[in-house]
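Subject: Structure for you to look at

Hello,

Here is the structure that I promised to pass on to you. Please open it beside this email, and then read the notes below with the residues in view.

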Amino acid sequence: MLCPSHPYSSDARDLLDVIKQSFFKRDTIGCLLPLTGKYASFGRRALAGIQVAIQDLSEKYSGNFNLIIKDTHADPIVAAEEVRQLKNDNVAGIVGPLLALDLAGAQAQKLQIHMIAMTQKSDFPLRGDYLFSNFITPQMQVETLGAYLFSTLGLTKAAILYPDEKYGRKYMNLFWDVADRYGAEITGA
C-alpha cells in the first residue's frame, strides 16, 4: 500500500507500473495470421497446426496454454498494430505472421516481445534479438539436396527441371550455384 504523501510515492508508482509491464502470462501465446482475405486459406491451415501444438503442450505439461488469435488480413499495418495489442495482452511471445512481417517484426523488436515468424526469409532473425523464424529457407533446401546428390551419391552431372516462374527460377539459380561449388556439371535446364 502506497502512502500518497510520502516523498517517494511517485517513484514507487512508476516502479510498480514498470513491474506490471514486465510481467507476461507464461501460458498465453499470441498468434498473427491472415484469417480473412486473399491468404485466408493459408492462415487457417497454419492456425490448425498451431492449435494442435498448443493442445500437445497443454497435455505434455499438464497445463492449459492459451492462444490469443489476431487476424492480420495480410496487411502490414494491421499486423504491426496487432503486435502492440498482444504486448498489451501480456503474451509470452508471438507466433506469426505468415505475411506482412517486416513492420510486425520491427514492432516486436521495439516492444521487446519474442516473435517466431513463419517465413522463409533468411535475414528475418538477423534483424533483432527478439525475432526468430522456423521455416526452412530455399537456400537450406537446395544445400541439403546438393550435399546428398553430389557428396553422398557422388553424382557429377545433373539437369534442372523447374517451373518457369519467379519461385522456380529462384530454386534453379540456387541449385546451379550449389552444383558449381561441388564441381558438378549442369547438362541442361
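His-73 sits in the loop between β2 and α3, and its phi is near 55°, a positive value in a residue other than glycine.

Before going further, please keep in mind that this is a predicted model, in which local features need pLDDT of at least 70 and side-chain atom pairs count only at pLDDT 80 or more, while totals for chains, interfaces and linings use all residues. Residues are numbered from 1 along each chain as its sequence is written, and side-chain values use heavy atoms, with hydrogens and water left out.

Now for the overall picture. The protein chain contains six helices and seven strands, where helices (H or I, at least four residues) and strands (E, at least two) are DSSP runs numbered from the N terminus. Read along the sequence, these elements follow the pattern α-β-α-β-α-β-α-β-β-α-β-α-β. The radius of gyration of the protein chain is 23 Å, whereas a compact globule of 189 residues would have one near 16 Å; this radius is taken over C-alpha atoms, and the globule rule is 2.2 Å times the number of residues to the power 0.38. Along its principal axes, the C-alpha trace spans about 85 × 35 × 35 Å, and 34% of the 189 residues count as buried.

Next come the charged side chains. Which residue forms a salt bridge with Glu-82? The partner is Lys-70, and the closest N and O atoms are 3.9 Å apart, a salt bridge being a side-chain nitrogen of Lys or Arg within 4 Å of a carboxyl oxygen of Asp or Glu. This pair links distant parts of the chain, since Glu-82 is in helix α3 (residues 76–88) and Lys-70 in strand β2 (residues 66–71), twelve residues apart. Glu-82 is buried at 18% relative accessible area, and Lys-70 also counts as buried, at 17%. Leaving out residues up to four places away in sequence, Lys-70 touches several others, including Cys-31, Leu-32 and Leu-33, where a contact means heavy atoms within 4.5 Å.

The structure holds four salt bridges, and another of them joins Glu-143 to Arg-181, with the closest N and O atoms 2.5 Å apart. Because Glu-143 lies in helix α5 (residues 138–152) and Arg-181 in helix α6 (residues 166–182), the pair ties together parts that are 38 residues apart in sequence. Glu-143 is partly exposed, at 25%, whereas Arg-181 is exposed, at 53%. Arg-169 forms a salt bridge with Asp-164, the closest N and O atoms being 2.9 Å apart; Arg-169 is partly exposed at 35%, while Asp-164 counts as exposed at 62%.

Finally, a few words about the backbone. Most residues other than glycine have a negative phi, and most peptide bonds are trans. Gln-112, in the loop between α4 and β4 (115–117), has a positive phi near 55°. The peptide bond from Gly-96 to Pro-97 is cis, with omega near 0°, and Pro-97 is found in the loop between β3 (91–95) and α4 (101–111).

Conventions: Buried < 20%, exposed > 50% of the residue type's maximum accessible area, 1.4 Å probe, protein only.
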